[in-house]
Each structure stands twice: as structure tokens, then as C-alpha cells.
Amino acid sequence: MAAKIGQLMDEKLGKQKNDVLPVLKDLSKIILTEGKKFNVCEKAAKDLPEIAGNALLSFSSSGNTSKLRPLKVGVLFSGGPASGGHNVVVGLYDAVKEMDPKSEVIGFMNGPDGLLKADGKILSKEDIDSVRNQGGFYLLGTSRTKFEKESDMAKCSETIKKFDLDGLLIIGGDDSNTNAAHLANHLKKDGSKAVVVGIPKTIDGDLAYLPYLQTSFGFYTAAMTYSEMVGNICRDLPSSRKIWHFVKLMGRSASWITLETAFQTQPNVALIGEEIKEKKMTLSQVIDMVADVIEKRYKAGKKYGIVLIPEGIVEFIPEIKSLISSINKAIVNIGNDHFIKMHINDRKEKVLVELIQEHERLFIELPHTVQNGLLSGLDPHGNVQVSQIASDVLIMDLVWDRLSQRGIKLTTQTHFYGYDGRCGYPTWFDATYTYNLGRAASILVANSKAGYMVTVNNINGSFDKWQAQAIPLAGMMAVEERKGKDCLVISKYLVNLNSKAFKEFEKNRDKWAIEDSYLCPGPVQFFGPDELVKSRSITMTLNA
Ligand code: FBP
């Protein structure tokens with residue numbers, strides 16, 4: 001039988017050595033230097049006193065060699081998978097084994113659950129070799145469990161003691177790194193020798209803290225995977241010339257993925273949730289905006305095109321956000337466990353009774369698939385599951401109705417590119433970024449630095465200019481209202497209308513709307529010329 005490409009790719013990528021930042025090559029020579037002290041908000045100073053005084057750390061080479069001790073480091077994935085996660089573990093493993101072959105990396109199974117249940121295993125060389133440069137989180141699995149109660153913290157401490165850990169890497173997004181900060185503080189207060197290091201992950205791109213953290217890993221690979229699929233549609237459009245495609249792209253809140261995919265493919269319309277919110281646009285205005293572009297193209301003889309819709313759009317449209325919040329409250333009143341066991345018609349009936357008239361009217365006008373999505377129950381954080389809401393169908397149906405009123409009939413199709421893009425082979429950028437994050441994290445553990453997120457900065461520049469850094473987690477935190485309570489969290493990095501990336505999009509979108517300026521980037525590249533292989537996201541590069 002002919003070789004299977006999947007097997008060849010796994011083998012070839014598994015053998016591919018990762019580029020190492022010059023400063024991280026000889027681990028025995030690295031020194032950490034304290035820089036800027038971060039201002040922490042009042043609540044962070046009060047709730048996280050053990051780590052609130054941390055200053056920015058930069059990595060440099062001292063010239064002198066020091067003896068490194070064997071380390072035991074735990075690692076877990078938290079939240080949605082993102083390409084590059086395995087390479088954090090690989091980078092960590094290679095580094096601690098270089099420090100001392102007796103070092104061990106303990107992987108906790110199924111995310112934070114594994115830490116709570118002390119379900120960890122020592123990772124072998126075979127484990128590591130099997131995931132080098134591979135997408136997904138399948139080595140360990142993941143979950144969205146939070147450490148919310150004091151008893152959770154105590155369980156984590158016990159596990160850490162049981163495995164005699166010097167450190168723990170939490171690979172996650174904003175919520176997981178919020179968890180990491182609290183656990184770091186708890187362990188330090190307890191006098192534990194183990195330090196917690198946060199690793200910035202999420203395909204959504206909403207974990208950044210400029211100028212210190214320019215992007216989370218996984219974002220670029222996901223955006224490029226979606227761009228490949230959108231680009232293929234873009235090639236179909238002027239070929240078959242008959243369909244309007246409505247494509248929903250993942251990204252729970254932020255519209256970064258949609259913006260990046262827009263740069264990569266130049267679609268006719270890309271809706272940006274943050275713009276809709278800032279301009280306080282109603283659902284009807286959003287529908288008009290899309291319908292106007294379609295009508296213009298229709299009059300120019302073009303009955304085809306593509307609209308990109310961020311997954312989180314519904315939460316940016318004020319009246320829908322308010323409806324979601326009422327449904328959220330209604331489900332809490334009914335009891336989520338009871339609610340999800342009910343038949344969909346009964347769920348609808350129960351919820352409608354709880355809604356005010358204005359929300360009831362809006363709900364009834366929504367397409368059935370959207371109604372069902374809104375009634376799919378709450379996620380583990382107690383929120384309506386936005387990814388279950390068919391916002392592509394919502395926009396498509398309403399645009400279709402609006403254009404019918406204008407005498408225009410369309411052929412339409414919806415798509416949801418979500419889980420399809422989270423676990424692809426990492427781009428060179430994500431593979432390299434994460435490998436170096438893992439290596440840099442080992443140095444924080446070796447130096448007992450608690451309460452930091454490790455980053456690599458200047459990543460918009462050439463590889464030799466990249467710089468390893470560690471940012472104080474407490475300094476990244478702010479107070480936000482969550483479920484009616486003031487909580488200390490890492491704020492989401494949303495698309496800012498004054499950012500260079502958004503301005504660039506704004507400058508081009510009218511042209512993309514009418515002309516066929518489509519681009520088709522093709523698959524993620526790992527081998528070939530540097531300008532393809534070593535590419536980075538346009539949004540991150542502009543905003544840097
Ligand atoms: P993280 O923020 O945990 O990285 O997850 C992001 C994401 O992929 C979103 O884009 C999406 O809305 C969500 O996860 C889906 O979550 P789940 O895997 O739990 O369905």
C-alpha cells in the first residue's frame with residue numbers, strides 16, 4: 001500500500017528539531033534579571049499578597065556556568081486545545097533532562113481534574129517523541145475545571161506534595177492563568193517549594209498583554225487552518241458564481257480569528273463583534289450592513305460572495321446580549337441539571353414564561369436552530385453555550401429575509417469552522433514559540449520564581465530578535481464583574497478599533513466588498529522558503 005501522508009507527516013515533523021532562542025541554548029548560563037515593577041490593583045494586592053510584588057523578569061546569558069539540579073515538574077493542559085501545546089511539554093522535557101538526566105516531567109491527565117485527583121504520570125522519552133511538533137492535546141487531554149474553593153486548593157497542594165514537585169506549568173487561557181495566579185499564591189503562602197508558571201494558550205487570540213505578551217500560542221495555526229478552508233471557498237466563488245457563503249469562525253468572545261482570516265483571504269464581508277458593540281449597532285443595522293454589500297454586488301452582476309462571522313458576535317449585539325443574559329438567569333432559576341434533561345419544547349416553554357415581553361418577542365423571531373442553541377443549557381462556567389448558537393444561520397436567515405423584501409433572491413450556504421482548526425499541525429511559528437516557552441518555563445522553576453507567566457517577546461521581528469521574558473501574573477489582573485460578583489481576573493484582549501490591525505482592515509474592506517480580491521493561502525507550511533514557513537499572524541505583527 002502507498003504511504004499514508006498522515007503517517008509521513010507525523011514522522012517527518014516528529015524528527016524536525018526545533019529552533020532554540022540563543023539565550024535558551026545553554027541553560028546553565030542563564031540569569032534572570034528583575035525589571036519594571038508592575039502596578040497591581042487593590043484587590044490583587046489584597047488577594048495575592050505573596051506574588052503581588054513580582055517584577056518583570058528578562059533572560060540573559062551570564063557567561064558563567066552554574067550547576068543545575070534535577071527537577072520534578074508537573075504540567076497540565078487547561079481549556080480548549082490549541083496547536084503547539086505538545087511542544088511546550090516537549091520543550092520543558094528537553095530542558096529539564098539537559099539540566100540533569102534524573103529530572104522528571106509529570107503530566108496530569110484531563111487538565112485541572114488530573115491535579116485535583118492526583119492523576120499524573122511520569123512522561124517517558126517515547127511519550128515526548130510521539131508528540132513533538134504534533135497538534136492537539138491528546139498526550140494528556142484537557143478540561144475546563146476551575147479551582148474555585150479553598151478545598152480545591154488544598155487538593156492541588158496535596159497532589160503537588162505527593163509528586164514532590166518543584167514546579168507546575170498550567171497551559172491555558174485567561175481563566176486558567178487566573179487559576180494559576182491563585183494557586184501560585186496559595187502554594188507560596190503554604191511554604192511549598194513548588195512554583196506555578198502560566199503558559200499563554202488560546203486559539204481565540206484574546207490573551208495578550210502588550211507590549212509584554214504579543215499573542216497566545218495556537219491562534220496563528222487556527223487562523224491559518226480556517227484561512228485555508230475560507231480560501232478554498234474564495235476560489236470556488238468566481239468559479240461557480242452562484243452562492244453566498246456565511247461562515248462562522250470560532251472565537252468565543254474576541255473577533256481576532258475573523259480579523260486574521262479576513263487579512264489572509266480578503267472576503268466580501270467580515271463582521272467584527274467589537275465594532276458592532278462600540279458603535280452600538282442593533283441586529284437590524286448589522287443585517288442591513290451585510291444586505292447592502294450583497295445588493296451592490298448583485299447589481300454589478302455578482303450573485304456570489306462570502307461573509308465571515310465571529311462565533312461570539314451574538315454577545316456583541318446589545319439586544320441579543322441582553323436576551324442571552326435573561327435566558328441565563330431563567331436557566332439558573334429552573335436549575336441547569338433539570339433543564340438539560342427536558343425535551344426542547346418544554347425547555348422553550350419554561351424559559352419563555354421567565355422572559356420579559358421584549359425578550360420573548362425577540363426570541364420568537366429568531367430561527368429555530370438559533371433558539372435551540374440558546375436553550376442548550378449552561379457550560380461549566382454557568383454561561384449559555386455561545387458555540388452552540390448558530391449565528392451563521394441567524395445572520396443568513398435575516399439577511400435572506402431582508403433581501404427578499406428588496407426583491408433579491410439568493411442561494412446561500414452556512415459553514416461553521418470551529419473544532420476543525422484547533423488541532424492542526426502547528427505552524428513553524430507556533431511550534432517554535434511553544435518549544436521555547438517550555439524551555440524558558442524550566443528556568444523559572446529552576447530559580448523558584450512563583451506567579452509568573454512565561455512569554456517570548458519581539459516575536460513580530462526576526463527569530464534572532466525574540467526575547468524570553470516572564471510577566472508577573474498579579475500585574476496582569478483586574479477586577480471585573482462576573483455573575484454579579486467583583487472578581488479578580490485576567491482581562492480578555494479584544495479587538496480595539498484604534499489598533500493598527502483594525503485600522504488596516506477598515507482601510508481595505510470596502511474594496512474587498514465589491515471587487516473580487518480573494519486570496520487563497522493554502523495549507524499550513526512547515527517546509528519550504530522562509531517567507532512561507534516562518535510567517536506570523538498579520539494582526540499580531542501590525543499591533544506589535
Ligand atoms: P480556550 O479559551 O480555552 O482556549 O478555548 C477557546 C475555544 O476554542 C473557543 O474558541 C470556543 O468557543 C470554545 O473553546 C469551545 O469550547 P469547548 O471545547 O468547551 O466546546
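Which loop holds N458? N458 sits in the loop between β12 (452–457) and β13 (467–472); helices (H or I, at least four residues) and strands (E, at least two) are DSSP runs, numbered from the N terminus. This is a predicted model: local features need pLDDT of at least 70, side-chain atom pairs count only at pLDDT 80 or more, and totals for chains, interfaces and linings use all residues. Residues are numbered from 1 along each chain as its sequence is written, and side-chain values use heavy atoms, with hydrogens and water left out.

**Ligand site**

- The ligand is surrounded by 13 residues, each with a heavy atom within 4 Å of it.
- The closest are G80, R144, D204, E311 and Y419.
- The shell divides into three nonpolar, four polar and six charged residues. Here Ala, Val, Leu, Ile, Met, Phe, Trp, Tyr, Cys and Pro count as nonpolar, Asp, Glu, Lys and Arg as charged, and the others, Gly among them, as polar.
- Domain 1 (18–218 + 426–490) and domain 2 (220–422 + 498–543) each supply at least three residues of the shell. The bounds come from an automatic or database domain assignment.
- K201 places a polar side-chain atom 3.0 Å from an oxygen atom of the ligand.
- For T202, a polar side-chain atom lies 2.9 Å from a ligand oxygen.
- E311 also has a polar side-chain atom 2.9 Å from an oxygen atom of the ligand.
- Taken alone, the ligand exposes 480 Å², and the protein buries 81% of that. Accessible areas come from the Shrake-Rupley method with a 1.4 Å probe; for residues, only the protein chains shown count as cover.

**Helix α7**

- Helix α7 (residues 174–189) has 16 residues and reaches 23 Å from its first C-alpha to its last. That is close to the 22 Å expected at 1.5 Å a residue, taken as 1.5 Å times one less than the number of residues.
- Of its 16 residues, 12 are buried, so α7 is largely enclosed by the rest of the structure. Buried means under 20% relative accessible area, exposed over 50%, partly exposed in between (1.4 Å probe, protein chains only).
- Among the buried residues are D174, N177, A181, L183 and L187.
- G191 follows α7, with a positive phi near 75 degrees.

**Backbone exceptions**

- Most residues other than glycine have a negative phi, and most peptide bonds are trans.
- N458 has a positive phi, near 60 degrees. It is partly exposed, at 32% relative accessible area.
- N110 has a positive phi near 55 degrees. This residue is in the loop between β4 (104–108) and α4 (112–116). At 39% relative accessibility, N110 is partly exposed.
- The peptide bond from L210 to P211 is cis, with omega near 0 degrees. P211 belongs to the loop between β7 (195–200) and α8 (219–240).

How values were computed:
A polar contact is a pair of N or O atoms within 3.5 Å; within protein, one must be able to donate a hydrogen and the other to accept it, and residues adjacent in sequence count only if both atoms are side-chain atoms.
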